[in-house]
Amino acid sequence: RNTPPPRATRVGPMGIDIKAGGRKATKKSGRTAPVSENLYLRLIVKLYRFLARRTDAKFNKVVLKRLFTSKTNRPPMSIKSIAKFMAREGNEGKIAVVVGSVTDDVRFLDVPKLTVCALRFTATARARIVKAGGECLTLDQLALKSPLGEGTVLLRGCKSRRESAKHFGAPGVPHSSVKPYVRSKGRKFEKARGRRASRGYRN
């Protein structure tokens, strides 16, 4: 007669196998480092990580957080928008800081004298700022000039200006101004069923 193998005896309470350190229910979300492999961005992050840790200025913490973000969360800003904000009362002579790209705007004819600090500038934007007697700074130059962010105005572009943002939502429903993805605009395209009472129903 075959005897069954001896049953394994359980030692101690049974539980779920979790990694050392335990499970944290309130885990912080968001990035703690940039995903980009860009060497220059990584060096700026290293610099602002130090400044955020060693200074009490909130400016450095905000800049560091924005350096981690994805490209869609770092929208570009035109020199026209920057000039508009810098013309406000109390902003004269301050440095405009944009953690993103600064672009040109051909509709903007008279560029005032601006001191702008950004991650990058388009060639025409840089040329127009310099021609107007302004200055284009990098974030590491700003860290030397104003390590606590004093005399600066931190700006950011509008996230919903992307063309893709026009398509977010449901097109065709009442009171919606969402842009549909259509091949072309005409009688046969999204103009029949659901759009007019004589063709099924009208929404």
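Mentor: Start with a charged pair. Arg-107 forms a salt bridge with Asp-105, and their closest N and O atoms are 3.0 Å apart. Keep in mind that this is a predicted model.

Trainee: Is Arg-107 buried or exposed?

Mentor: Read the relative accessibility. Over 50% is exposed, and under 20% is buried. Arg-107 is at 65%, so Arg-107 counts as exposed.

Trainee: Where does Asp-105 lie?

Mentor: Asp-105 sits in the loop between β2 (95-103) and β3. Look at the surroundings too. Leaving out residues up to four places away in sequence, Asp-105 touches Ser-78, Ile-79, Lys-80 and Arg-128.

Trainee: And β2 itself, how many of its residues are buried?

Mentor: In β2, 8 of the 9 residues are buried, and the strand is mostly covered. Now look for a partner strand. Strand β1 (residues 77-78) is joined to β2 by 2 bridges, and the two run parallel.

Trainee: What should I know about side chains in a strand?

Mentor: In a regular strand, side chains alternate between the two faces of the sheet.

Trainee: Back to charges. How many salt bridges are there?

Mentor: The count comes to 5 salt bridges. Take Glu-135 and Lys-145, whose closest N and O atoms are 3.4 Å apart. This pair links distant parts of the chain: Glu-135 is in strand β4 (residues 135-137), and Lys-145 is in helix α5 (residues 139-145), 10 residues apart. Glu-135 has 34% relative accessibility, so Glu-135 counts as partly exposed.

Trainee: Which residue forms a salt bridge with Lys-179?

Mentor: Glu-163 does, with the closest N and O atoms 2.6 Å apart. Both residues are in the segment after β5, 16 residues apart. Lys-179 counts as partly exposed because its relative accessibility is 38%. Glu-163, at 41%, also counts as partly exposed.

Trainee: Now the helices. What is the general idea?

Mentor: An α-helix has 3.6 residues a turn, so residues three or four places apart point the same way.

Trainee: Where do I see that here? Which residues of α1 are buried?

Mentor: Leu-41, Ile-44, Val-45, Tyr-48, Leu-51 and Ala-52 are buried in α1. They cover an arc of only 130° around the axis, so they lie on the same side of α1. Exposed residues Leu-39, Leu-43, Lys-46, Arg-53 and Arg-54 are on the face turned away from that buried side.

Trainee: What covers the buried residues of α1?

Mentor: The cover includes α2 (58-68), β3 (115-121) and α5.

Trainee: What is the reach of α1 from its first C-alpha to its last?

Mentor: Helix α1 (residues 39-54) has 16 residues and reaches 23 Å, close to the 22 Å expected. Check its start as well. There, a side-chain oxygen of Asn-38 comes to within 2.9 Å of the backbone nitrogen of Tyr-40.

Trainee: One more residue, please. Where does Thr-152 lie?

Mentor: Thr-152 lies in strand β5. With a relative accessible area of 13%, Thr-152 is buried. Its side chain reaches the backbone oxygen of Gly-149 at 2.6 Å.

Trainee: Which residues is Thr-152 in contact with, leaving aside neighbours within four places in sequence?

Mentor: Thr-152 is in contact with Phe-59, Lys-94, Ile-95, Val-97, Leu-142 and Ser-146. Find each one in the model. Then go back to the pair we began with, Arg-107 and Asp-105.

Methods:
Residues numbered from 1 in each chain as written. Predicted model: local features only at pLDDT ≥ 70, side-chain atom pairs only at ≥ 80, totals over all residues. Heavy atoms only, no water. Helix = DSSP H or I, 4+ residues; strand = E, 2+ residues; numbered from the N terminus. Buried < 20%, exposed > 50% of the residue type's maximum accessible area, 1.4 Å probe, protein only. Polar contact = N/O pair within 3.5 Å; in protein donor to acceptor, adjacent residues only side chain to side chain. Contact = heavy atoms within 4.5 Å. Salt bridge = Lys/Arg side-chain N within 4 Å of Asp/Glu carboxyl O. Expected span 1.5 Å × (residues − 1). Arc of directions from axis to C-beta. Pairing = 2+ DSSP bridges.
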